Amino acid sequence: MALRCISRSFTGIVETATTLHQRTFSVSAAAAAIQKMTRVRVVDNSSLGNTPYHRPPKVIHVYTQNGIGKVGDKVLLAIKGQKKKALIVGHKMPGERMSPRFDSNNVVLLEDNDNPTGTRIKVPIPTHLRKLEGNYSKVLAIASSFV
């Protein structure tokens, strides 16, 4: 069996009794959690996030160095023709061990001074958000339950 490396993908040649088979597989990085143009779900009870609109809220910027947002990162949303900051409180992609995986990409809308816009959060919040750096005390105070 011979292996050769070609730009982050491997090609393996497997020889059987009469035929020669070639298998190609990729070893690229894991899929991003939340990046630009990701559709999200607003989970607080703010009026901006809960009134129906013909377009779902989308992420237009992620405030991290690599442009990939995880739980606890801030993003900029395009929602109803406005730009609003939001905090990621859950995402679909499996994260590190012992962190919950959600059915949707959940965000909480924030004001300019990083206070939450709504007064209640309708879905459970990950408990490891308490340990992360940043001032999330007001978001944690309005959460109804934790996972």
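**Cavity, sheet and a buried histidine**

The lining of the largest cavity splits into three nonpolar residues, one polar and two charged (Ala, Val, Leu, Ile, Met, Phe, Trp, Tyr, Cys and Pro count as nonpolar, Asp, Glu, Lys and Arg as charged, and the others, Gly among them, as polar). The model is a predicted one, where local features need pLDDT of at least 70, side-chain atom pairs count only at pLDDT 80 or more, and totals for chains, interfaces and linings use all residues. Numbering starts from 1 along each chain as its sequence is written, and side-chain values use heavy atoms, with hydrogens and water left out.

That lining is made up of Lys74, Leu110, Asp114, Asn135, Tyr136 and Val139 (lining residues have an atom within 4 Å of a point on a 1 Å grid over the protein atoms alone, and a cavity is a set of such points where a 1.4 Å probe fits but cannot get out). The volume comes to about 30 Å³, counted as the space filled by probe spheres set on the points, which are joined across faces, edges and corners.

As for the strands (DSSP runs of E, at least two residues; helices are H or I, at least four), five of them form an open sheet with mixed pairing in the order E4-E8-E7-E6-E5. E4 and E8 run parallel, joined by two bridges, and Arg41 sits opposite Asn106 in E8.

His128 lies in the loop between strand E8 (106-110) and helix H2 (137-141). With a relative accessible area of 19%, His128 is buried (under 20%, 1.4 Å probe, protein chains only; exposed is over 50%, partly exposed in between). Beyond neighbours within four places in sequence, His128 is in contact with Val71, Glu96, Ser99 and Pro100 (heavy atoms within 4.5 Å).

Definitions and conventions: Pairing = 2+ DSSP bridges. 1 Å grid on protein atoms, 1.4 Å probe; cavity = no way out; pocket = protein on both sides within 12 Å on 5 of 7 lines; lining within 4 Å.
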